[in-house]
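Student: I would like to learn how to read a protein model. Could you walk me through a few features?

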Amino acid sequence: MSVTAAKGFTAAGIAAGIKQNGNPDLALVVNTGPRRAAAGVFTSNRVKAAPVLWSQQVLADGELTAVVLNSGGANACTGPQGFQDTHTTAEKVAEVLSAKGPEVGAGDVAVASTGLIGILLPMDKLLPGVEKAADELSEHGGEKAAIAIKTTDTVHKTSVVTKEGWTVGGMAKGAGMLAPGLATMLVVLTTDADVDAKGLDSALRGATRVTFDRVDSDGCMSTNDTVLLLASGASGVTPAQDEFTEAVRAVCDDLARQLIGDAEGASKDIRIEVINAATEDDAVEVGRSIARNNLLKCAIHGEDPNWGRVLSAIGTTRAAFDPDRLNVAINGVWVCKNGSVGEDRELVDMRYREVTITADLAAGSESAVIWANDLTADYVHENSAYSS
């Protein structure tokens with residue numbers, strides 16, 4: 001049930017005609033309360049889409065009533081008109097919701113968009129679509145909303161964690177342009193726990209730091225990344241902060257794994273674990289360097305345990321290590337020991353979807369896990385033909 005698994009939320013997903021193929025392309029998620037607390041995390045790309053700039057502004061007071069999301073166009077790099085279109089979209093949502101219940105202002109509505117950069121949205125289709133979506137709002141509309149935000153995704157992505165008396169649910173889209181800060185995505189998370197905006201913000205930042213920020217599919221950072229967490233308080237339960245954070249993290253982790261599993265053209269999911277680092281930052285930097293090594297990603301696609309490319313990637317970082325103490329395992333076989341030849345690489349079985357790379361820096365006790373995927377001809381084809 002995705003974003004409607006938690007009490008106090010309705011959602012809808014419809015085809016507004018934004019996509020030329022006629023597929024669903026507009027989603028609406030509404031918090032019916034009684035609480036309307038919210039928090040958000042956005043792309044760190046300096047080039048930010050109009051919906052990101054808008055949503056950052058409206059979240060300043062820590063409250064949201066609704067989120068409207070479209071696929072089929074990113075509304076990024078569209079100038080003043082693009083920002084005005086975002087504002088107009090929020091105003092339209094506020095208008096139709098106010099006609100159905102308590103008054104809602106445009107400042108209570110977050111907007112998120114995904115698709116091709118540099119093209120204005122067809123407002124003559126989007127605005128009537130908002131009316132249609134509002135008419136179809138339902139406590140069972142979560143799955144339709146998740147389907148409507150897909151772009152190159154082959155499957156829609158949802159996750160739910162239920163605790164004693166309260167729930168966290170979520171939906172995500174993302175298949176390409178996946179790299180830290182956050183990793184390209186639109187994500188809406190909902191909870192019926194009674195948590196204020198400060199608690200939501202703390203939980204969300206703690207969760208995204210070790211989940212979405214550690215997905216690195218292709219090294220390309222999006223202009224539109226948006227992760228929102230809304231609380232209705234409808235359960236009447238206020239969980240301990242650490243318990244709540246863990247539930248949010250579990251949903252984010254599940255969605256992040258689904259993003260990697262659906263990455264454009266991927267045939268392998270690569271779990272990169274860096275151990276015995278001097279600091280966590282070192283572990284993350286090394287993991288990201290390994291994840292972005294195209295030669296290694298091609299080798300993994302060819303089921304070649306080419307550990308030399310792992311060492312080469314480690315060597316480009318600022319992390320503390322002695323090259324003569326580095327160890328690397330691929331699928332549990334320590335093919336590199338002390339910076340040199342280790343166990344027989346023929347022992348590495350790479351037939352299956354998941355590949356595990358363990359990089360031992362022998363420099364401390366910190367660790368981190370980064371998820372990546374292989375580089376395939378299908379990925380090149382997908383992105384060479386994307387704009388058409």
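**Reading a sheet, a helix and a core**

Tutor: Gladly! Keep in mind that this is a predicted model.

Student: Let's start with the sheet. In what order do its four strands lie?

Tutor: In general, strands of a sheet pair through backbone hydrogen bonds, either parallel or antiparallel. Here the order is S1-S2-S4-S5, in an open sheet with mixed pairing. Strand S1 (9-14) and strand S5 (109-114) are the edge strands, each pairing on one side only. From one strand to the next, the twist averages 10°.

Student: How many bridges join strand S4 to S5, and do they run parallel or antiparallel?

Tutor: Six bridges join them, and the two strands run parallel. Take Ala-66: its bridge partner in S5 is Val-109.

Student: Which strands does helix H2 lie across?

Tutor: Helix H2 (residues 79-98) lies across strand S2 (26-31), S4 and S5, and runs at about 130° to S5. Look for Thr-86, which is in helix H2.

Student: Is Thr-86 buried or exposed?

Tutor: Buried means under 20% relative accessible area. Thr-86 has 1% relative accessibility, so Thr-86 counts as buried. Leaving aside neighbours within four places in sequence, its contacts include Trp-54, Asn-75 and Val-111.

Student: And which residues have the most contacts inside the largest nonpolar core?

Tutor: In soluble globular proteins, nonpolar side chains tend to be buried together. The largest nonpolar core here has 53 residues, and Leu-64, Leu-69 and Met-171 have the most contacts inside it. A second, separate core has 32 residues, among them Leu-326, Ile-357, Ala-368 and Ile-370.

Notes. Residues are numbered from 1 along each chain as its sequence is written. This is a predicted model: local features need pLDDT of at least 70, side-chain atom pairs count only at pLDDT 80 or more; totals for chains, interfaces and linings use all residues. Side-chain values use heavy atoms; hydrogens and water are left out. Two strands pair if DSSP finds at least two bridges between them. Axes are lines fitted to C-alpha atoms, for helices over the stretch in contact, and angles run from 0 to 180 degrees between N-to-C directions. Contact means heavy atoms within 4.5 Å. A nonpolar core is a set of buried Ala, Val, Leu, Ile, Met, Phe, Trp, Tyr and Cys residues joined through side-chain atoms within 4.5 Å. Buried means under 20% relative accessible area, exposed over 50%, partly exposed in between (1.4 Å probe, protein chains only).
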